[in-house]
Amino acid sequence: MATFKDFRNSVKPNWCPGCGDFSVQAAMQRAAANVGLEPEQLAVISGIGCSGRISGYINAYGYHGIHGRALPIAQGVKMANRELTVIASGGDGDGFAIGMGHTVHAIRRNIDMTYIVMDNQIYGLTKGQTSPRSEAGFKTKSTPAGSIESALSVMELALTAGATFVAQSFSSDLKGLTSLIEQGIQHKGFSLINVFSPCVTFNKINTYDWFKEHITDLSAIEGYDPSNRMLAMQTLMEHKGLVTGLIYQDKNKPSYEEMVKGFKPEGLANQSLELSEEDFTKLVNEFM
Ligand code: SF4
């Protein structure tokens with residue numbers, strides 16, 4: 001049986017020392033091993049940004065896609081080979097700006113896969129510009145007088161888009177993050193996990209200390225029930241989205257694959273796609 005070490009490869013991450021993305025990588029590797037996967041059973045598809053490099057740092061199938069397009073690629077991979085566990089990954093700029101259209105539709109489509117967003121409230125790869133997750137007043141090179149736009153409330157948005165699994169974590173909490181990724185992989189549908197993953201180089205506001213001071217763990221809220229969508233929404237609004245843990249899970253909605261009629265259980269990759277002589281003749285005759 002594989003251990004988390006089997007999901008390591010020889011590529012040394014070139015993230016800045018202290019970047020939150022290191023913990024996300026470690027949690028992903030641990031979660032994959034903990035749910036009993038072997039490296040050849042996992043595909044990690046990423047977008048563009050510092051966090052997008054993660055697909056190259058995991059020993060599994062990997063695809064470093066284009067900006068904001070990790071989800072269409074990942075959904076295609078899953079539909080072509082349902083036997084693979086598919087994780088899409090990227091940053092808040094990638095998934096909540098250029099890729100937001102794909103994010104909303106992937107959520108409502110509910111294909112059985114996991115999407116992990118490394119949310120650092122800034123564009124790190126391009127050296128520090130305001131992202132859709134930056135708070136109003138946030139000063140960067142692109143907003144020297146402070147951003148006049150408010151931050152997107154992504155967890156609330158996911159709930160309204162019909163998400164069946166919504167979770168949030170903090171990269172300092174390796175144990176909690178690993179557990180949420182395990183639950184996300186095991187969820188039968190689309191699981192969204194947003195991770196507060198500080199950019200130590202360019203974001204001097206949303207630091208590790210800032211998150212420790214502002215985050216509320218849902219386990220500390222008495223009577224919190226992740227199957228209650230209304231309560232999930234109310235709790236998010238009361239805490240300005242700064243909660244961690246399993247926010248909402250709907251275990252009853254069927255996944256997209258389960259709803260597609262005539263879809264064979266085994267992946268296309270393992271099916272014989274050869275046409276029989278008889279089917280070929282029938283097809284040709286149809287167009288003659
Ligand atoms: Fe991480 Fe920021 Fe460095 Fe990018 S620039 S690797 S997000 S710390």
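Predicted model: local features only at pLDDT ≥ 70, side-chain atom pairs only at ≥ 80, totals over all residues.
Q: Which residues surround the ligand?
A: A residue joins the shell when one of its heavy atoms lies within 4 Å of the molecule. Here the ligand is surrounded by Trp-15, Cys-16, Cys-19, Cys-50, Asn-120, Gly-124, Cys-199, Val-200, Thr-201 and Phe-202.

Q: How do the residues of this shell divide into nonpolar, polar and charged?
A: The shell holds seven nonpolar residues, three polar residues and no charged residue.

Q: How many salt bridges does the model contain?
A: Side chains of opposite charge can pair when their charged atoms come close. The count for this model is two. One joins Asp-112 to Lys-188, with an N to O distance of 3.9 Å. This pair links distant parts of the chain, 76 residues apart: Asp-112 is in the loop between helix 4 and strand 4, and Lys-188 is in the loop between helix 6 (174-186) and strand 8 (190-196).

Q: Are Asp-112 and Lys-188 buried or exposed?
A: Buried residues have under 20% relative accessible area and exposed residues over 50%. Asp-112 has 13% relative accessibility and therefore counts as buried. Lys-188, at 54%, counts as exposed.

Q: What does Arg-133 form with Asp-119?
A: Arg-133 and Asp-119 form a salt bridge in which the closest N and O atoms are 2.7 Å apart. Arg-133 lies in the loop between strand 6 (129-130) and helix 5 (154-160), and Asp-119 lies in strand 4, so the pair ties together parts that are 14 residues apart in sequence. Both Arg-133 and Asp-119 are buried.

Q: Where in the model is phi positive in a residue other than glycine, Gln-121 being one case?
A: Most residues other than glycine have a negative phi. Gln-121 has a positive phi, near 60°. Gln-121 is placed in the loop between strand 4 (113-119) and strand 5 (122-123), and is buried, with a relative accessible area of 5%. Lys-240 also has a positive phi, near 50°. The loop that holds Lys-240 runs between helix 8 (229-238) and strand 10 (243-249), and Lys-240 is exposed, at 72% relative accessibility.

Q: Which residues does Thr-103 touch, not counting those up to four places away in sequence?
A: Contacts of this kind show which parts of the chain meet in the fold. Thr-103, in helix 4 (residues 100-109), touches Leu-71, Gly-95, Phe-96 and Tyr-115. Thr-103 is buried, with a relative accessible area of 2%. Its C-alpha atom is separated by 9.4 Å from that of Ala-70, 33 residues apart along the chain.

Q: With which residues is Met-79 in contact, leaving aside its neighbours within four places in sequence?
A: Met-79 belongs to helix 2 (residues 70-80) and is in contact with Ile-111, Tyr-256, Glu-257, Val-260 and Phe-263. At 17% relative accessibility, Met-79 is buried. The C-alpha atoms of Met-79 and Leu-268 are separated by 7.8 Å, although the two residues are 189 residues apart along the chain.

Q: Which residues make the nonpolar surface patch?
A: Such a patch is built from nonpolar side chains joined within 5 Å, in residues with over 30% relative accessible area. In this model Leu-275, Phe-280, Leu-283, Val-284, Phe-287 and Met-288 make a patch of about 690 Å². Met-288 lies in the segment after helix 10 (277-287) and is exposed, with a relative accessible area of 79%.

Notes. Residues numbered from 1 in each chain as written. Heavy atoms only, no water. Patch = residues over 30% accessible without salt bridge, like charges linked within 9 Å, V, L, I, M, F, W, Y side chains within 5 Å. Areas by Shrake-Rupley, 256 points an atom, 1.4 Å probe, with all protein chains shown as cover. Salt bridge = Lys/Arg side-chain N within 4 Å of Asp/Glu carboxyl O. Helix = DSSP H or I, 4+ residues; strand = E, 2+ residues; numbered from the N terminus. Buried < 20%, exposed > 50% of the residue type's maximum accessible area, 1.4 Å probe, protein only. Nonpolar A, V, L, I, M, F, W, Y, C, P; charged D, E, K, R; others polar. Contact = heavy atoms within 4.5 Å.
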